[in-house]
Amino acid sequence: MLPLIIRRVFTATGQVQGVGFRPFVYRLAREEGLTGSVGNTSDGVRVEVQGESSRVGRFTVRLRKEAPPLARVVSLDAEDKPLLSDEKDFVITASRGRAGHNVLVSPDVGICAECLADMCDPANRRYAYPFANCTNCGPRYTITRVTPYDRATTTMSCFPLCPDCAVEYANPADRRFHAQPIACPVCGPRLWFVEKGVPESGPTAENQRNALARAGNTLLCGAILAFKGLGGFQLVCSARDVSALRELRRRKSRPHKPFALMVGDVAVARSLCDLTPEHEALLQSPEKPIVLCPRASGGLPAEVGPDMKSVGLMLPCTPLHAALFDWLAARAVVPPVLVMTSGNAVGEPICLGNREAVTRLADMADAWLLHDRDILSRVDDSVLALQPTMSGAGAAAPLFFRRARGYVPTPVFLPDDGPCVLGAGAELKSAVCLTRGPAAFVGQHIGDLENPATLAFYEEVAVRLETLLETQPKAIVCDLHPDFLSTRYAIARAAGEGLQVMRLQHHAAHAASVLAENNCYEAALVLCIDGAGLGGDGTVWGGEVIFMDIAAARWQRVGRLAPFPLPGGDAATREPWRIALALRERCSAQGLLPSEQGEGSQARAEAAVREMLARNLNCPLTSSCGRLFDAVAAQLNLCRATTYEGQAAVRLEEVADAALLANGACLPLPVTESDGLLTLDSIALFNRVVMAQRDNEPVAAIAAWFHASLARGLADMAARAARACGVGKVGLSGGVMQNAIMARLLPRFLEERGLTPLAHHALPPGDGGLSLGQAVWGRRMLQ
């Protein structure tokens, strides 16, 4: 009996372009003896196979089971078709595109072990070549103009393949089979060096030969190099050279904020930090992010990050980084460790193009290492931490501080299809979100929207997402604050394009974000604890219990921290001693503390603030959890004035006594009802801090029980609200959830009260993730 011959057509959607999916299908079909074709389309990847039904069945199983490591198949539809009698082979067809598609654009992928091995092999034609890549690694998002993903639609289109690369590209047995950014020294991008004050020669043959060595010598001499990375420029110096570190801090006007470091391999990372297996796995993951790791004693100068016991480490993410480390390692007495910080002035976006970098970084860099592969999207390095459980048991979970390279534009999947909505994001740590079908795409970290240059970058990202996804928003959702540049952008664009614009309160957006991440669309509570967000009552919120039911499109504020004044408004965030003084005055007014006076110039400054408080001049009320941390840090003389956002809270967290935290020492805090809201008495907590300080209790002990008492009090307030609202799930969102102590304690305390905590896992808990909540809320309102 002859075997049954069938023809089956598959459409694979998801992250299936730029990840080696077509070559994988080609090899699979050939192994199973099938004829047919595979090609990129606007719907994803279309596969047609014909052969014995048993072989087609095996192919179908293997198609899902053996997909390439970078592929993410969201759906795989299959349909049987009539046989083609004259088909003799299996081929890769030309890509077909049309308006509108279901393709997920792949994020950029760090260099793989095989390409590193090629670069280290003197017999390999890509020996030390700084642009090696294959189907398993290399640039994707940062070089892709439109879909379908093919060389012609990337910035590699201007580099025709040489005969050798063309053979690899066409060979199904080669891992560079249909690798779109494929390149070699003969046909690929060129590297060259520019020195400050020396006329630029451009990519001459001599400059290309010596560029890497000249860049390495720049670093060995203690100078600062501007380095063209994957998504923009980085400023680089030796992290072992204290003079270079201090000079880079001076030039960047960055006195205290920690620098990220790059090391050549995990062995060097182990010598600098106390790594767990989870740290090592994340460092070596394809995304190659910056990972916050606990420092080992004596390994690094304090100037790397004077405020923190941890340091942000990453491994080489591109072959150019790897080539630089190889050159340095061959000449250094100790393994090289390099600062890799964003190539920009404070408050500006990272530099993208060569001419832009030479101009904008002229006051910061001594030399530039350039190349001619264009970057289409500015994308900074992603930053993650690992949050261990309080008991130390169980796997540590990654926590985003900044989501960009390696992770964007991977979507958050939604439970159903819906209209396209743009979430405009916040003012600080801004990121936009665009929905398409059952997916929400949060763009890369943009930064603080405080100047025209950053606003232009913000607009670039919005346009780029819409172009790549081939979709246009029906509505825009923005913050309540009228002066946010993101709000002004949303209102102006909506008016110009006839779009609906919606306003969603800052912490409601946080709440919707963490619930959507956890696929929680029923009624739940969210503890939103952060720095600031304009509330519906005109005060500054930041320590909130939000009831939210996304499915029913309703939310309500049900709890808060006890409000206190912010003397001078935003000035108080930069000078937290003002908040500490305001809280001491509140305590004195309630008879909890005697009034006290400062000395000298501080006494005069305090007198001015007391006058502001007495007359209620520019002293907005706030329930901000972040500002409470600032006040305690200032009261304990850890940070009276800040040079970067979150500095006071970082210092308070770093000084907390770990042993006391493990023992669970904390103070009970009353939860009362005021103005129809549950209210946690933060004034009483601050009063206990001051009394303990006056009793000469160690600062480390005070910091420890402050954290524990606040976390327990917030859990108590959430439990009381949960009983009143009849819910069992509590989300945790806001920038304070990037505090490792709070991120450990709050889930534990909630579970002890019979509640299910929901945390962020795909987005930052701070303002970098709230645009998802805006977009999800806007979709639901439209529906």
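At what angle do helix α11 (residues 452–469) and helix α12 (residues 485–497) pack, and how far apart are their axes?

Modeller: This is a predicted model, in which local features need pLDDT of at least 70, side-chain atom pairs count only at pLDDT 80 or more, and totals for chains, interfaces and linings use all residues. Residues are numbered from 1 along each chain as its sequence is written, and side-chain values use heavy atoms, with hydrogens and water left out.

Helices α11 and α12 pack at an angle of about 50 degrees, and their axes are 11 Å apart. Axes here are lines fitted to C-alpha atoms, for helices over the stretch in contact, and angles run from 0 to 180 degrees between N-to-C directions. α11 and α12 are therefore oblique to each other. Oblique is what remains after roughly parallel (under 35 degrees), roughly antiparallel (over 145) and roughly perpendicular (65 to 115). Helices are DSSP runs of H or I, at least four residues, and strands are runs of E, at least two, numbered from the N terminus.

From α11, the contact (heavy atoms within 4.5 Å) uses Leu455, Tyr458, Glu459, Ala462 and Glu466. α12 supplies Leu485, Ser486, Tyr489 and Arg493. By class, the α11 and α12 contact residues are five nonpolar, one polar and three charged. Ala, Val, Leu, Ile, Met, Phe, Trp, Tyr, Cys and Pro count as nonpolar, Asp, Glu, Lys and Arg as charged, and the others, Gly among them, as polar.

Now the cores. A nonpolar core is a set of buried Ala, Val, Leu, Ile, Met, Phe, Trp, Tyr and Cys residues joined through side-chain atoms within 4.5 Å. Buried means under 20% relative accessible area, exposed over 50%, partly exposed in between (1.4 Å probe, protein chains only). The largest nonpolar core has 68 residues. Its residues with the most contacts inside it include Phe629, Leu710 and Met742. Helix α21 (residues 699–725) gives this core its largest share, 15 residues. A second, separate core has 66 residues, among them Val38, Leu70, Ile143 and Val383.

Next, the backbone. Most residues other than glycine have a negative phi, and most peptide bonds are trans. The Val408 to Pro409 bond is cis, with omega near 15 degrees. Pro409 sits in the loop between β16 (397–402) and β17 (412–413). Ala128 has a positive phi, near 60 degrees. Ala128 lies in the loop between α3 (113–120) and α4 (163–170). Ala128 is partly exposed, at 39% relative accessible area. Asn519 also has a positive phi, near 55 degrees.
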